[in-house]
Amino acid sequence: MSSPTSGTPQPQYYARHIFFCLNERPNGEGCCALHGAKAAFDHCKTLVKQAGLAGPGQVRVNKAGCLDRCAAAPVAVVYPEGVWYSYVDLADIEEIVESHLKNGQIVERLRTPPELGR
Ligand code: FES
């Protein structure tokens, strides 16, 4: 894939953007919703707000549908770094907020193994 080559580069609207897969499958197949994704998303949103990190130029926390890495569920991805996380509990979310979203330090122990896809 090539990069855009025309136009003036714009400053990023958000410094960091985290997307949580909240996909739910009614047929009982594995999905992020079965692994506490909604609670993790809510917790992340609350922590980001409480820390004063929410808003333009700072951090945005968003819901996403299936990100097609269901084998690593539950997953979230942070841009612009493109770092994928497979978290386990709410303490992991606290670490991602404090370390990565606030201070730009990737939480290596929670990174999604590169080979895990759907
Ligand atoms: S269900 Fe979450 S990545 Fe597919």
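**Close-up views of the predicted model**

View 1. Cys66 is partly exposed, with a relative accessibility of 34%. Cys31, in contrast, is buried at 3% relative accessible area. The closest cysteine sulfur to that of Cys31 belongs to Cys32 and lies 7.0 Å away, too far for a bond. A disulfide requires sulfur atoms within 2.5 Å, and the count by this rule is 0 disulfides.

**View 2. The largest nonpolar core, with 30 residues.** Ile18, Phe20, Cys44 and Leu101 have the most contacts inside this core. Two or more residues each come from β1 (16-21), α1 (37-50), β2 (59-64), β3 (75-79), β4 (83-86) and α2 (90-102). The largest share, 6 residues, is that of α1.

**View 3. Surroundings of Cys44.** Apart from neighbours within four places in sequence, the contacts of Cys44 are Ile18, Phe20, Val61, Ile93, Val97 and Leu101. Cys44 is one of the buried residues of α1.

**View 4. The two faces of α1.** The buried residues of α1 are Ala37, Ala40, Phe41, His43, Cys44, Leu47 and Val48. They span an arc of only 165 degrees around the axis and therefore sit on the same side of α1. Their cover includes β1, β2 and α2. Exposed Lys49 and Gln50 are on the face turned away from the buried side.

**View 5. Length and end of α1.** From first to last C-alpha, the 14 residues of α1 reach 20 Å, close to the 20 Å expected at 1.5 Å a residue. Gly52 follows α1 and has a positive phi, near 75 degrees.

Definitions and conventions:
Residues numbered from 1 in each chain as written. Predicted model: local features only at pLDDT ≥ 70, side-chain atom pairs only at ≥ 80, totals over all residues. Heavy atoms only, no water. Core = buried A, V, L, I, M, F, W, Y, C linked by side-chain atoms within 4.5 Å. Buried < 20%, exposed > 50% of the residue type's maximum accessible area, 1.4 Å probe, protein only. Helix = DSSP H or I, 4+ residues; strand = E, 2+ residues; numbered from the N terminus. Contact = heavy atoms within 4.5 Å. Expected span 1.5 Å × (residues − 1). Arc of directions from axis to C-beta.
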